[in-house]
Amino acid sequence: MDGNGRWAERRGQPRLFGHHAGAKRVREVVEACPDLGVDYLTIFAFSTENWKRTQREVAGLMSLFRSYIKKEARALREHNVRVRFIGDRPGLDEKLRNLMDELEEYTAHCTGTNLTIAINYGGRDEVARATKRLACDVAQGKLDPQKIDEETLPRYLDTCVLPDPDLVIRTSGEARISNFLLWQSAYAEYEFIETLWPDFTNEIFAQVVRSYAGRERRYGGIAV
Ligand code: IPE
Ligand code: MG
């Protein structure tokens, strides 16, 4: 969800104004998923690198996440949305962590759109944490190192119950991955679009999904 800061700056407003505008887009985008055939939506809200921002912006974002969860919980459940969080939770404050746990539990029975919110998430950090747990299992004799293959590590990732992404959309004109779902995106299709996140409408979402549907995915093979 990139471009909130620039969106605000262009209006002569503080960056947090842009983050609030960005958070408002999420509801509409989540609600568009069923019609677009999107069963899993992952949104990147805060990276392990975003702590480098000013204390004011970081605190504002954390407070926004708390109020977003409180405000949106009911609507999410009513729309049958199951919410999960990925990222390093111990690095977040307890109040936010509790709200995250509660929202996961509150929507655990929902069978519609699967919404994953990445907070304090970094792909490298995730792989490092997964490796640590994997190594512990080896040390305790629960995992035979000779049997480690491509299927092993994903079981230790935060996304262990989620499918790999088919399409990654990055807004705001930046053409980089910025540590998002590194392992999982090995064969994802990418769309880099100029729109700033607060201007991301469902029309744009539908357009990007349509253009994705026209792509040929070969997974390293050849066209059939
Ligand atoms: C939102 O956009 C992403 C978050 C970290 C919440 P940015 O805050 O990165 O906006 P720009 O890139 O400065 O415009
Ligand atoms: Mg940015």
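**Exercise 1. Work out whether the radius of gyration of the protein chain agrees with that of a compact globule of 224 residues.**

Step 1: The rule for a globule is 2.2 Å times the number of residues to the power 0.38, with the radius taken over C-alpha atoms. Step 2: For 224 residues this rule gives a value near 17 Å. Step 3: The protein chain has 18 Å, so the two agree.

Before you go on, a word on the ground rules. This is a predicted model, in which local features need pLDDT of at least 70 and side-chain atom pairs count only at pLDDT 80 or more, while totals for chains, interfaces and linings use all residues. Residues are numbered from 1 along each chain as its sequence is written, chains are lettered from A and ligands numbered from 1 in the order in which they are written, and side-chain values use heavy atoms, leaving out hydrogens and water.

**Exercise 2. List the secondary structure elements of the protein chain in order.**

Step 1: Step 2: Count them, and you have six helices and five strands. Step 3: Read from the N terminus to get α-α-β-α-β-α-β-α-β-β-α.

**Exercise 3. Check the span of helix H2 and find what its buried residues pack against.**

Step 1: H2 covers residues 15-36, which is 22 residues. Step 4: Look for buried residues (under 20% relative accessible area; exposed is over 50%, partly exposed in between, with a 1.4 Å probe and protein chains only). In H2 they include Gly18, His19, Val26 and Cys33. Step 5: Look for contacts, meaning heavy atoms within 4.5 Å. The buried residues of H2 pack against helix H1 (4-9), strand E1 (40-47), helix H3 (55-78), strand E3 (114-121) and helix H6 (202-213). Step 6: Just after H2, glycine 37 takes a positive phi of about 75°.

**Exercise 4. Explore the loop between E4 and E5, where serine 172 is found.**

Step 1: Keep a general rule in mind: most residues other than glycine have a negative phi. Step 2: Serine 172 has a positive phi near 80°, and leucine 181, in the loop between E4 and E5, has a positive phi near 40°. Step 3: Serine 172 is buried, with 6% relative accessible area, and leucine 181 is buried too, at 4%. Step 4: Threonine 171 also lies in this loop and counts as buried at 2%. Step 5: Leaving aside residues up to four places away in sequence, threonine 171 touches Met1, Asp2, Ile193, Thr195, Trp197 and Phe200.

**Exercise 5. Is aspartate 164 buried, partly exposed or exposed?**

Step 1: Find aspartate 164 in the loop between helix H5 (123-139) and strand E4 (167-170). Step 2: Its relative accessibility is 46%, so aspartate 164 counts as partly exposed. Step 3: For the chain as a whole, 46% of the 224 residues count as buried.

Definitions and conventions
Helix = DSSP H or I, 4+ residues; strand = E, 2+ residues; numbered from the N terminus. Expected span 1.5 Å × (residues − 1).
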